[in-house]
Amino acid sequence: MSALATLLSFDTAILVAGIVALYLGAEALVEGASRLAIGLGLRAAIVGVTIVAFATTTPELFVAVLSGLGYSADLGLGAIVGSNIANIGLVLGISALIQPMGVSTTTLRRHVPFMIAAALALVLLGMDGRLGPLDGGILLVILVAFTGYLVYRAQAAKADAIATEEIDIEDEDEVSATFKDVLYLGLGLLLLFVGSNWLIQGGKGLLEAYGFSTRFIGLTVLAFGTSLPELAASVVSAVRGEAEFSIGNVVGSNIYNVVAVLGILAIMVPVSVPESTITLDFPALLVFTFGVIAMMLRNRDVSRLDGGLLVGGYLVFFWLILP
């Protein structure tokens, strides 16, 4: 076997190991953080809309921040934009092909407006070719507003939809914090850190060997790798007929990816926005965002035909970004 073939095999193995570690890390983090928080006295509804919702976005956070600090902030930006597009085109599209999904009025009224605000804020703030600390601060303000609104609704309604969709846990009165929960939390963080490094190293090495650009790597390999937890959870939910979870999962993830992950990244390190991102990636993000919202509003569902259109649209996007 030649040296190049050996290197490619190693990069592929590291890439796959990174994806697996990210998935397992996200699962362990959600389990440990949620049980620990409830055991320490937080209500399950509040945990669902804060700790669990943010924890499911940690793969994107680790990949984006580590990319920005160790490689290139452009790589982190591409991973987030690509992940949001993949969440809609692939995750929702494949889920709808498996099982048509009804859309609740709660999701449309309470969560979709924040998804629109996050997408528009990212595009408007990035149009000058740079996301700096001030831009990151604006995104974090939206994050605080979104989380505060969800907490308010959870307190008012006693049980917000996200709490039941994203976490299946015993009654909070019966849960107590244990050392096992701390271990789960620590293991999740460790796996996310290791998995993110492996995903970046393997994906970057593999595609650079074939001459692909940093932007393409972020939009494809890193984006798909960080979207796998959402894809796995949404497909399982679609098979079980729990369609509302799939939609809530994607909407929440797309909000937190922008306002939390990019907000933190932009404060830590200035992010340059390439011309190709402004002319193609941002418009694609808006098309997918408003396109899926139009599908939801039409008949309060995402049908199999809609799913086919979403997957087809993602394949077109992938073709357009090929070098």
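Visitor: Is Gly 195 buried or exposed?

Guide: Burial is judged from relative accessible area, where buried means under 20%, exposed over 50% and partly exposed in between, with a 1.4 Å probe and protein chains only. Gly 195 has a relative accessible area of 0% and is therefore buried; its place is in helix H8, residues 179-208, where helices (H or I, at least four residues) and strands (E, at least two) are DSSP runs numbered from the N terminus. This is a predicted model, in which local features need pLDDT of at least 70 and side-chain atom pairs count only at pLDDT 80 or more, whereas totals for chains, interfaces and linings use all residues. Residues are numbered from 1 along each chain as its sequence is written, and side-chain values use heavy atoms, with hydrogens and water left out.

Visitor: Which residues does Gly 195 touch, not counting those up to four places away in sequence?

Guide: Contact means heavy atoms within 4.5 Å, and with that sequence exclusion Gly 195 touches Gly 18, Ala 21 and Leu 22. The C-alpha atoms of Gly 195 and Gly 18 are 3.9 Å apart in space, although the two residues are 177 apart in sequence.

Visitor: What do the totals say about the protein chain?

Guide: The protein chain has 12 helices and four strands, and buried residues make up 54% of its 323 residues. Of the contacts in the chain with a separation of 6 or more, 86% are accounted for by residues 24 or more positions apart.

Visitor: At what angle do the axes of H5 and H11 cross?

Guide: Axes are lines fitted to C-alpha atoms, for helices over the stretch in contact, and angles run from 0 to 180 degrees between N-to-C directions. The axes of H5 (residues 105-126) and H11 (residues 275-299) come within 10 Å and cross at roughly 165°. Angles under 35 degrees count as roughly parallel, over 145 as roughly antiparallel, 65 to 115 as roughly perpendicular and the rest as oblique, and H5 and H11 are therefore roughly antiparallel to each other. Among the residues that make the contact are Leu 108, Val 112 and Met 115 of H5, together with Phe 282, Leu 285 and Thr 289 of H11.

Visitor: Where is Leu 124 found, and is Leu 124 buried or exposed?

Guide: Leu 124 is found in helix H5 and is exposed, with a relative accessible area of 65%.

Visitor: How are H11 and H12 oriented to each other?

Guide: Their axes come within 11 Å and cross at roughly 175°, and H11 and H12 are therefore roughly antiparallel to each other. The residues that meet include Leu 280, Asp 281 and Ala 284 in H11 and Asp 306, Tyr 314 and Ile 321 in H12.

Visitor: Which residues of H12 are buried?

Guide: An α-helix has 3.6 residues a turn, so residues three or four places apart point the same way. In H12, Asp 306, Gly 307, Leu 310, Val 311, Tyr 314, Phe 317 and Ile 321 are buried. They cover an arc of only 135° around the axis, taken from the directions from the helix axis to the C-beta atoms, which puts them on the same side of H12. On the other side of H12, Leu 305, Leu 309, Leu 315 and Trp 319 are exposed.

Visitor: What is in contact with Ile 321, leaving aside its neighbours within four places in sequence?

Guide: Ile 321, buried with a relative accessible area of 4%, is in contact with Arg 215, Phe 216, Leu 219, Thr 220, Leu 280 and Asp 281 when those neighbours are left aside.

Visitor: What is the phi of Arg 300?

Guide: Most residues other than glycine have a negative phi. Phi of Arg 300 is near 60°, a positive value in a residue other than glycine; Arg 300 is found in the loop between H11 and strand S4 (301-302), and is partly exposed, with a relative accessible area of 41%.
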